[in-house]
Each structure stands twice: as C-alpha cells, then as structure tokens.
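Keep the structure open as you read.

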Amino acid sequence: MGLVDVKTFRNLEEDVISVNRCCACGACIAYCENQAFNVIEMENYIPKFKTDKSVENCKECGYCYYICPQTEPLLDQLKETHLVKDELGNIINAFAARTTNTKIKEVGQDGGIVSTLLTYLFDTNNIDAAIVSEYDDNFKPIPKIIYSKDDLVKSAGTRYSISSNILPLKDLTQIAEDIISQKKRIYDADQLRIAFIGTPCQCRAISKMKLLHIKPAHVISIVIGLFCFENFDYDKLMDTLRSKTQRNPSDIKKTNIKKNFFVTSKDDSVKEVNIKDLDDAVRNHCHECDDFVGRFSDLSIGASGAPTGYSMILTRTEKGRSLIDSLLATGYIERYIIPADQISEWQPKKINWLKKMTSLKVKK
Amino acid sequence: MVINSRSVLIIGAGIAGIQAALDLGDMGIKVHLIEKNPVIGGKMAQLDKTFPTLDCSICILAPKLSECYRHPNITLYTLSEVNNVEGTIGNFTVDILKHARYVKEDVCTNCGDCASVCPVRGVPNYFDANLKTMAAAYIPFPSAVPPVYIIDKNTCVYLNYGICGLCAKACGAEAIDFSQKDEILEINNVGCIIVASGYGLLEDVSPLTNYGYGKYKNVVTALEFERLICASGPLEGHLKRLSDGRDPKKLAFLQCIGSRSDRDKKYCSSICCMYTTKAAMISYEHNNDLESYVFYIDMRAGGKGFQTFLRRGSDEYNIKYIKSKISYIDVDEDDTPIITYEDYDTSEIKQMKVDLAVLATCIIPSQGIEKLADILGIELNNYNFVKTNPFLPVETSVEGIFTCGCAREPMDIPRSVAEASGAAARAAEVIKGG
C-alpha cells in the first residue's frame, strides 16, 4: 500500500499550528477523538498531542490534515461542489430579513435570523439538535449542543472571540445516546440531524468533512455560515477591554461592533472602544482569510449590508433556499421591503458592499 | 470426465438460481453462479417470513446459501455480470465482468474490524431497503454469503483521495486489497445457461407520488415493511411509525399498487395478496391490539392452502378486507396517513385514518434485463419478462438457454423453487444426455 505521502498531525503542527494559522475550530480533534484514537486534544485553543506517548497512537490516516480548513487539500473539490466561482461564492438569493418573534427580537443581534431559524427547525421536527455557542460566566464563548428551542435564548447574539464549535462533535456517540433515549423516532445514530452554525472557517471544515462523508460531521444536516470579518483572541480581547473600559469579563453582558467596539455591562452602561485598539487582539489566522461571507454553507447570515434591525441572508444551496422560503411562508421571519425607488439597484449594491468588505478583510 | 467438463452458467443467485445450482451441483455438474450483488440470497433473504406457513425466510434460506458457497461443484461469482456470450448450445463462451471488491475473498475472516474503523458514513444499505446506512467497508447483513466484507468504491476515501487506509491497517488477516481492479473472466465450455435474474419493484423506477411515498414518512412499501418487522431489520422487529416512533395501532395495506392498471403495469403482480396477509398476521403476532385493513380489488389466492390462509387472516388475526379502489393518500398535521377510497360494496367515497400505510408495489422485470437479453439473444415479452412458451415454461427463445422464477413472470417462492428444479433438469439433460 502506497501511503507514504499521507500528511499527519505532525504536518498539521508544522504547516498550520506552529505558524499561528490554526483557527481552533476543533475539526481535527472532533474526528480523531470520535474515532477513539486517543491522540490529540485542545489546550487553550491549540490542538496538540495529548502526551509524548500518544504520538505513537497516531494511525497516520491523514484526515486531520485533510479536513483542516486552513490546508490546501480538498479545497478545489469543495469549490466545485459548492459552485464557488468568486469571493462571495454561490448565491441563489440575497435579501434582508428580520425575526417576527418578539422574544428573539429582545435578545438577538440585528435581525435575529439564526435563532428564529433554529426555532423553526425545532418546531417542525427537522433537527434533533444544534451546535451553537454560549457565554460562560467570564464572557468566554463556549460551544454548546442544544436539544430544544428553549435552550436557544442563551445563545443569541454575536461572539467576537473563538468558540470551537466543531469540538463537541467528538462526543457524538454520547450525544446520540442522549437523543435516542429521548426520541423514539430515531433508530440509528447515523440518522441524527444536527444544525451547525459557525464562522466561515468552521463551515469550511464541516464542508470538507461532509465532502468525504466522514463522521462525526455526517450528522450535520444544515450548515449555517456567519459573516465574519475577524475574530479576537479571548485573553487578549479581555485584557484590552479591561484596560480600556475598566470592566471585568464577568461584568460584560453584550458586545457588538458598529464601526467601533461597544461593551454593554450587566448594569446596562455602554462603553465604546476604538476598534483600532483591538488590532493586536485579532487572531493571526484571520489576517490571511479571504472568506467574509461563509462560502461553504447552505446559507449565510450576517448584519453587514442590512438595514438596522435586519440581517442579510445569502442562500447558497437548494436546501438553504427552501428552508428560508419556508420561514418566510410561515411568517417566522419577514423580508425587508425595499423602498420603491431602490428596487432595481438594491441587491447589486448590497452584493458590491459584501465584495468590498471581503476585499477590505483580505487587505487587512 | 469429459462428460462433465461442460458446465452450466446460472445468472442470478436468488432462491431460484440457488436451487438450480444446488440441483445441478448435486448431479455432479459444474456450475458457475453469477450474482451482481456482493452477497447471494436475493429478495428472499430480505423477507421476514414466508407464506403460507409463516416460516422464517432466512432460516430456510441460510443453509442453502452456505451449501452453495461450500459446494465443490459450484463456483460463485459475486459483484459480477455477464458481459458477452458467444457460441451455441453445448458450447457457449461467456465473458463475466467481475467488479472489484477490494477485499480478498479467500482471506477475509468476516470479523468486521474494517467496518468499525471506517469513518465514512451514509452508504445506503440496499438489503435494509435503504432504511439504514453503513460505513464504506460493509457487509449487507451479518450472516451474508459469501461472508466477506466489501469496500464501496464510490465513497471509500482511500480509493477517491488516496488517504486513510484505516481498514487495511486494522485488518489482522491483511485481506484489504486496494489494488484490485474490475476484471473480465472468460468461461469456456459452458453447455447451457439458466437465466434466474429475478425481479425489481415498481419503487425502483416510479416515484409513486399518488400515494405520497417519499413525501410522507408513514407511507412505506411492502419490502420496507418487511424489513421493519424483521428482527434483524433496522427496528429490530419492533414496529414503529417512522415519523414519531409511536407504536402503530391501525395498519392499512394497499393492494395492486401499479399493477392491474391500464395506466401502469397491466399484469397481476401475483404474490401481493398473500404476502400482505402474511405481513398483517405477523404484525398482529407482534401486537395483539393491532387492526389491519386490506384495500383490495380481488383477493387472489390460487395456491395450495392459500384460501385457508386468507380465512385465518380475517378469523384469527383481526384483518379486515375492504373491496375498494384507492384514490389517494394525504396526511394530517400529525403525519398520520388519510386514505381516500371508493368502497365497492357501497359505492361511497370514504376516508380512513391509519398509523401506517403499506404499499403492495408491483413486481417488475429486473433492472438490466434488456441488456442481458440483448447479450444472450433471448426474446422478452411485451412486459420485458423473459418470453417463454406456456407448454415449455423454462425454455427461452434460444436453444440451451433456460429460465426460471420471477425472471419470466411474477411468482412466489414455492413456484420459483419448482421451476428452478425444472430448469436444472432440462439443463442436466443437455449436459449429460445431450
């Protein structure tokens, strides 16, 4: 068997992790741990060999290197299957919309589309679980698997530091057991349907795994990409915010970016931080990323380009399109009505805006 | 042994092909048994029970499967199809296209280590009527014959991307062989050929949209139902509604789906009246609270003990037969099928809500029969079943090529077996006495 050229975790360390290109999505570990190979783990957002001895356990199958969103392999095939021809990827529909759900309106960011979409998928029994992220007590985003829409409220709103959303899939066997014990419909762990919500890099990893049809990503039934301009290192971000706003991480209620960085405390006071002051906290891998809109997803969602209170939605696959159509048809979300005098130029303008944002991201 | 040097080639290793092979093998005649699937047994292996005795299907079949596998006079060619045939009766030359299995048949120990380490998921299992999926290294069912795993070349990551190889590393017997290629095998000196290529089902070629199949989870085909009530099937024999996992209380069996219709297949599918009654009986045995409704045009029970079987169904198994014509199926908000039908007894249009609707879909000629007929030079009838003469039921239009079982018309297992023995006898006549 000619497997001499297969790249392994050692190559991943060399080509990606040691040169700060790792985006901490957790795909490599989710795969390897799900296979129970007992080789690698995540430590403070860095994948590494568990012990010196675990190097010997490596099966040298090469998946960790192949599915890493920061490596070259499979990207060409991925572009082909996702019909990606330019920086925005395949777009079936592009429009702005917002939730009609008053509860989500209160807690959600901008249009509240992602929370509403998951509510719909749970309501219509189209998913068994979703991978989202939540804040812990120190305002640190942590990935979380939710099993019902009641758990959604905590996960609404945007995160500005990394949450390794693929990582929880390493425990898919346990997750499947939990779900099957609750739901009689499922008779086979491979029938689970989990919605994935993540940054463009995370979606890229999931899509690579789905291209190979490998577990644990085979249970992901829909991939929702979030617009992402850049992401911050948690520790550095908190240090900067602490020095600029005198707020401890545990006091923060919400953060958002509108030109500058705004920090809302639990006492509802708002502090503004100059976005330039945060440049040093930007994660290194974001500097060379050219995917602002999440090209490798079923649909992508973000505030950029949308009127205040709305989110932009780009549908990319038939699955994504029909899902959004059902949301509109059932009144879960409402479309932004383009003023009559702007109808013809509205969409091209928004597309151009997203292209501009992408090029700004690349330049940075 | 000049007299036995001529062998018989049998196309299709379902119950008919297997019976013919065993008969001939036992007579001391060499048999080449060709099967396009990775394992033998055909449709019968997928069935839960057989009518009218309610015997366990695989229990009757399994000994025949292993006998076939071990028989010194039978050579098995799985994943194989006939590519070319030349010559005439007494001396055919046959080219077999044998697809790569990527597992050495003589080395694999059927331990399953390859399947447990394979990370690929979502390969549909045809044996479970695609209700279950598998890894790229798989065996369709545990007691399959030959007891050899197979690697799905469409999804195997090593074959498509050159990485992985986990199964090869895990295989203690070193049975994985990625260098295997599809190959053409030439078989000379074939005295005669038996076509036992079996049947397909209407759902293979028709979306059955009238009946909401594919759209509504609680509308299943008869073969799917067979897998669902089978103890070795995806539900391990515990019948559930596929939409919500609830235990069904009321079943509907819809007869003549796509058969006896001017708009679809004009012929009678022959076995459905009986297997429907069987399926309803077994369901009742699983759960005595169950009621079954059979929507039929005529009940056709022309076989030994068949009429008594139907009577037992209504007397002892809570089966109600409704002479009717189905209009369509839709569902309520709970995914529960609602059947709209004309009751022939009262000529009224009625509706009935049931937990699960089972479609008795029509038997159709097997996929690829046209190509095979072309290669063999045999004639098909206007429904594409192998054409035979009523008084010579196992003979095709070509001398030296025989047929049996559902390749020539829809029939049940006992008849397929009888015809297989008939075809074997005719073939033996050519080899031994010809």
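In this predicted model, helix H1 (residues 15–26) of chain B and helix H3 (residues 57–70) of chain B have axes that come within 10 Å and cross at roughly 55 degrees. Angles of 65 to 115 degrees would count as roughly perpendicular and those under 35 degrees as roughly parallel, so H1(B) ends up oblique to H3(B). As for handedness, the crossing of H1(B) and H3(B) is left-handed.

Who does the touching? On the H1(B) side you'll find B:Ile15, B:Ile18, B:Ala21 and B:Leu22, and these meet B:Leu61, B:Lys64, B:Glu67 and B:Cys68 of H3(B). Sorted by class, that contact has six nonpolar residues, two charged ones and no polar ones.

Now zoom out to the domains. Chain B is split into three pieces, going by the domain assignment:

| Domain of chain B | Residues |
|---|---|
| Domain 1 | 2–98 + 182–198 + 366–433 |
| Domain 2 | 113–170 |
| Domain 3 | 202–363 |

Taken over C-alpha atoms, the centres of domain 1 of chain B and domain 2 of chain B are 28 Å apart. Their contact draws 12 residues from domain 1 of chain B and seven residues from domain 2 of chain B. Which helix gives the largest share of the domain 1 side? That's H3(B), with five residues on the side of domain 1 of chain B that touches domain 2 of chain B. By class, that side of domain 1 of chain B has eight nonpolar and four polar residues, with no charged ones.

How values were computed. Residues numbered from 1 in each chain as written. Chains lettered and ligands numbered in written order. Predicted model: local features only at pLDDT ≥ 70, side-chain atom pairs only at ≥ 80, totals over all residues. Axes fitted to C-alpha atoms, helices over the stretch in contact; angles between N-to-C directions. Helix = DSSP H or I, 4+ residues; strand = E, 2+ residues; numbered from the N terminus. Parallel < 35°, antiparallel > 145°, perpendicular 65-115°, else oblique. Left-handed = near helix turned anticlockwise from the far one by under 90°. Contact = placed C-beta atoms within 7 Å. Nonpolar A, V, L, I, M, F, W, Y, C, P; charged D, E, K, R; others polar. Domains from an automatic or database assignment.
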